[in-house]
Amino acid sequence: AQYLEFRQTQEKLHEQETSYFAVVQNLADGVALRDQSDRILYANQAFAEMVQADDPDSLRGKYYSEFVPMEEREDTYRRTDSIFKGAKIPWREHRLIGLRRQTTFVVSIGLLVEQGGDPCIMSVFHDVTDVKSKEAMLQRNAAVQTVLRGIADAAVWSACRGMVGVWVGGG
């Protein structure tokens, strides 16, 4: 009876793990699991695409920090240490540099989890590259509009000055 109960519990656990894996693998957000040495243990397809990897399994064993720009690594290491010490950290905006050197802008968060009894960080990444691109375009448009307004104001001022000069001169 105990063996049967044990087997049923084991089967339910396996079903839950399979369902959980299917959900994580098919998320639109990237997920990466890394160990205390910064090595990637698991990545889903979305994370693989963010770092331009053809297959998520090809990321296993790579250092996560390889995908972080040099100028952002110190902050990443500090956040990683805090997570492993049990701190809860807020979402942050940063960049990932892919295998083909393309930049992906993300907001991410890391959570302390256990994998095989060892502490690991599960990070979730939301791609905001399109949003950043649109923000940059809006900023460029605003700058162009400012310049054009300045040109228009100068033209109006110049035209008015010329009219004043003509009017004064014609009086």
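A residue counts as buried when its relative accessible area is under 20%. In this predicted model, F47 has 0% relative accessibility and is therefore buried. F67, at 1% relative accessibility, is likewise classed as buried.

F47 and F67 form an edge-to-face aromatic pair, with 6.4 Å from centre to centre and 85° between the planes. F47 belongs to helix α2, which spans residues 45-50, whereas F67 sits in the loop between α2 and α3 (70-84); the pair therefore ties together parts that are 20 residues apart in sequence.

A further pair involves Y64 and F125. Their ring centres are 6.0 Å apart and their planes stand at 35°, so this pair is tilted. Y64 lies in the loop between α2 and α3, and F125 in strand β5 (residues 118-127), so that parts 61 residues apart in sequence are tied together by the pair. Both Y64 and F125 are buried.

In total, the structure holds three aromatic pairs. Ring pairs link F47, Y64, F67 and F125 into a cluster.

The confidence of the prediction bears on how the model may be read. The chain has a mean pLDDT of 81, and 66% of its residues reach 70 or more. Over residues 165-171, however, the pLDDT is below 50, and this stretch has one contact in the model beyond near neighbours in sequence. Where pLDDT is low, predicted coordinates should not be read in detail.

Terms used: Residues are numbered from 1 along each chain as its sequence is written. This is a predicted model: local features need pLDDT of at least 70, side-chain atom pairs count only at pLDDT 80 or more; totals for chains, interfaces and linings use all residues. Side-chain values use heavy atoms; hydrogens and water are left out. Rings of Phe, Tyr and Trp (its six-membered ring) pair if their centres lie within 6.5 Å; planes under 30 degrees apart count as stacked, over 60 as edge-to-face and the rest as tilted. Helices (H or I, at least four residues) and strands (E, at least two) are DSSP runs, numbered from the N terminus. Buried means under 20% relative accessible area, exposed over 50%, partly exposed in between (1.4 Å probe, protein chains only). pLDDT is the predictor's confidence in each residue, from 0 to 100. Contact means heavy atoms within 4.5 Å.
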